[in-house]
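Hi everyone, thanks for coming. Please have a look at the structure on the screen, and then I'll walk you through a few parts of it.

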Amino acid sequence: RGTSGTILLAKNDDAHLRLVALFFLRRVKKKYLALVPAAGDSDIPSTGMIDLIVDGRPALSKYTVETLTGRKHQVRVHCANGLGRPIFLDPLYSSYDENNENNIMPSAICSSGDKKEQFFLHAEKIEVSDLDMDVNVTAPLPIWWGDTLKQWEELELE
């Protein structure tokens, strides 16, 4: 729900068990793209590490975000709490209020569908490399992301 992009499905029980084991052993690489508020004059570096507990367990992310552990909502929690920059329109970790006139959100977001289900987190890539299983899946950004980014660029030019 909400996150767009790649998904990995097993065709049978044996493949499912192998995939579960590979995820558990951290042999599956996942790359996410997230749109968060600009850091502005903040001292947040453009790349770095976030070491923050998620669901009571240690979780480590390298940003330009590459997760090193696989906790549920890890990217969302690390953006919101680790960077202080929640993902735009994230219904759990962002406090965006559409009625606040100080929030500038292009109309492409409003016309993109159910705002409670769509936010700016995209699973761009999943890679699985094992003895006889090589999977490399990449998903393009949804059209509504491009529409929104174009509107933001136009607003900045005005």
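**A helix and its surroundings**

Let's start with G84, which sits just after α2 and takes a positive phi of about 70°. Helices here are DSSP runs of H or I with at least four residues, strands are runs of E with at least two, and both are numbered from the N terminus. Before I go on: this is a predicted model, where local features need pLDDT of at least 70, side-chain atom pairs count only at pLDDT 80 or more, and totals for chains, interfaces and linings use all residues. Residues are numbered from 1 along each chain as its sequence is written, and side-chain values use heavy atoms, with hydrogens and water left out.

So how buried is α2? Seven of its nine residues are buried, so α2 is largely enclosed by the rest of the structure. Buried means under 20% relative accessible area, with a 1.4 Å probe and protein chains only. Among those buried residues are Q74, R76 and H78.

Now the largest nonpolar core: 12 residues, including V75, C79, F119 and W152. Such a core is a set of buried Ala, Val, Leu, Ile, Met, Phe, Trp, Tyr and Cys residues joined through side-chain atoms within 4.5 Å. Both α2 (74-82) and α4 (143-157) supply at least two residues each, and α4 gives the largest share, three. Apart from that core lies another, of six residues, among them L19 and M133.

Last, the strands. β3 (residues 48-51) pairs with β4 in the antiparallel sense over four bridges; pairing takes at least two DSSP bridges. In β4 (residues 60-63), S61 and Y63 make the covered face, while L60 and K62 make the uncovered one.

Notes
Buried means under 20% relative accessible area, exposed over 50%, partly exposed in between (1.4 Å probe, protein chains only).
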